[in-house]
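Please have the sequence and the model open side by side. The paragraphs below go from the single chains to the contact between them, and then to some local details.

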Amino acid sequence: MTEIFLYTLLITAMASFIGYELISKIPQTLHTPLMSGSNAISGITLIAGILIYPNVVDDVLLKTIVLIGVSFATMNIVGGFSVTGRILEMFKKND
Amino acid sequence: MTESLYLISAVLFIFALKLFSRPSTAFRANNLAIGGMVLAIISAFNLKFADYDVVFYLVILVSAGLGVVVSNRVQMTQMPELVGIFNGLGGGASGAIAYVELSNSTLVLSDFSVAIFSMTIGVFTFSGSLIAVAKLRGKLNSFNATVINILSGVLLVGVITMLTTKIDYSTEYIIILSLLLGITRVVLIGGADMPVVIAFLNSLSGIAAMAAGFIVNSIILIIAGALVGASGIILTLLMCSAMNRTIYQVLKGGFGTTKINNEYEKDPISTSAEDIAIQLSYADSVVIVPGYGMAVAQAQSAVKELTNTLKSKNIEVKFAIHPVAGRMPGHMNVLLAEVDIDYEDMFTLEDINSEFSATDVVLVIGANDVVNPLARTDEDSPIYGMPILDVDMAKQVVVIKRSMSPGYAGIANPLFIEENTKMLFADAKEGLENIVKSFELV
């Protein structure tokens, strides 16, 4: 195990803990937008696609697979945030 | 520089979750999260925009366009399917990235294991989610549970063996096995268990992204993935405890398929829309319990109309929402919010259960198992111990339902034949519209 790996594990543990604490406080009423919002955030894999794409441009197969990943992640980000906004708009106008 | 930008976007995500705790601030939370995402994407390019060809930008542009179109066209009743598709896309994206990293780079052992893990989870989430969406759309029905459970067990052992032995299996085999595992695992789970499945797959899509973060050494992927993973796990546990079942019991599938005696000792009291209108007009307090039947019938607007009518007669109206009502967490709340019903009027099981005894009329719309008193009394019942809405404590109960057919658990509901219960056999939308019409005549 490298030191970097352990350091990353520590970050993982802390992020999970903070996430758990904050999300536990979200009321039932908002659970559906919470899920579509987390869909959008899980599109963060796009970052990985951006990072590795320049390394694979010479291999047609791998390039295509990265592009599939990039496409999926982008749909998640844009679709997820947009539908979450649509739902939260409905809750907002109640105020 | 790039690293500190990532840090800011992580902080934005965390603040967004904090603001998500209230309906009034949640809209701002979404915008904060968008800001965090945009910042992360810009940082990832690291000003080297020229390193990417036209195809890359084109793929992003077209996918983004598709995302906008789909998210604007989807009906609120279809949210479970949409979230199911997004879960699958998230898993698929991480699986694809992990596969490419496994094929392209020489990874150190720890990263290699994480990459295999990310790929397996990602691919499982992808195929499992597609099956979940097909189940939600009612495209897949009964299968022989025993055969599929054995098949799925063999596949699981196969995947674990591949992952733990030193023999160099080709990654393609692992992909095929994970795909099949996702299909066989989800295909047996249906109907009212979907909230658990959707939340579980949601969590896995986050965990796959987090693992992908380890491979490409990206802190933002790890943090964002962990947040999504945590969110999904919390919802999974909440849904399980709302059904008094464990995640293992849910994933085993086949619930409600065993034949149980579901005959009724006597006939229910059937009523008409006119009678219900009269009954409601004498009430001071009404609690409405929406269920999946309301979503299927697209009856939200009719519910709103009835609510307006009742409120105009100074009758207090509240909504009691069981955590697993519908097909995903919070499904009913969104449908009611869509028709402008105030979220202050929506109550959780814990908040409303003590109030039923003081309620004049409870109106159950297309819900069944979540109001079945057997959960409190019959130890042999498959739903025994599940927290239910105690609507039978109310002075009068009206159930709008198409027939006496059992709910997902496959058991009879003695609430329907109780003396203070009246049944309106109708489609939820039609039934409610008729009640509203009858009010004009009362």
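In chain A, of the contacts with a separation of 6 or more, 75% are between residues 24 or more positions apart. Two residues are in contact here if their C-beta atoms, placed from the backbone, lie within 7 Å. This is a predicted model, in which local features need pLDDT of at least 70, side-chain atom pairs count only at pLDDT 80 or more, and totals for chains, interfaces and linings use all residues. Residues are numbered from 1 along each chain as its sequence is written, while chains are lettered from A and ligands numbered from 1 in the order in which they are written.

Chain A has four helices and zero strands, in the order α-α-α-α from the N terminus. Helices (H or I, at least four residues) and strands (E, at least two) are DSSP runs, numbered from the N terminus. The radius of gyration of chain A is 18 Å, whereas a compact globule of 95 residues would have one near 12 Å. That radius is taken over C-alpha atoms, and the globule rule is 2.2 Å times the number of residues to the power 0.38. Along the principal axes, the C-alpha atoms of chain A fill a box of roughly 55 × 35 × 15 Å. Of the 95 residues in chain A, 63% are buried. A residue counts as buried if 20 or more other C-beta atoms lie within 10 Å of its own, as exposed if 12 or fewer do, and as partly exposed in between, with C-beta atoms placed from the backbone.

Chain B contains 17 helices and six strands. Its mean pLDDT is 89, and 95% of its residues reach 70 or more; pLDDT is the predictor's confidence in each residue, from 0 to 100. For the model, ipTM is 0.94 and pTM is 0.90. The C-alpha trace of chain B spans about 75 × 50 × 35 Å along its principal axes. Buried residues come to 51% of the 442 in chain B. Among contacts in chain B between residues at least 6 apart in sequence, 79% join residues at least 24 apart.

Ala, Val, Leu, Ile, Met, Phe, Trp, Tyr, Cys and Pro count as nonpolar, Asp, Glu, Lys and Arg as charged, and the others, Gly among them, as polar.

Chain B is assigned domain 1 (74-252) and domain 2 (273-441), with bounds that come from an automatic or database domain assignment. The C-alpha centres of domain 1 and domain 2 of chain B lie 35 Å apart. Their contact takes 18 residues from domain 1 and 16 residues from domain 2 of chain B. On the side of domain 1 that touches domain 2, the elements giving two or more residues are α4, α8 and α9 of chain B. Here α9(B) gives the most, with five residues. This side of domain 1 of chain B has 15 nonpolar, three polar and no charged residues.

Now to the strands of chain B. Five of the six residues of β1(B) (residues 285-290) are buried. Strand β1(B) pairs in the parallel sense with β2(B) (residues 316-321) over four bridges, and B:V286 stands opposite B:V317 in β2(B). Two strands pair if DSSP finds at least two bridges between them. Strand β1(B) also runs parallel to β4(B) (residues 361-365), joined by five bridges, and B:V287 stands opposite B:V362 in β4(B).

Helix α14(B) is mostly covered, with seven of its eight residues buried; among them are B:H331, B:N333 and B:L336. Just after α14(B), B:D340 has a positive phi of about 70°.

Finally, B:R28 lies in helix α2 of chain B. B:R28 counts as partly exposed because it has 16 C-beta neighbours inside 10 Å. B:A16 is twelve residues from B:R28 in sequence, and their C-alpha atoms are 7.7 Å apart in space.
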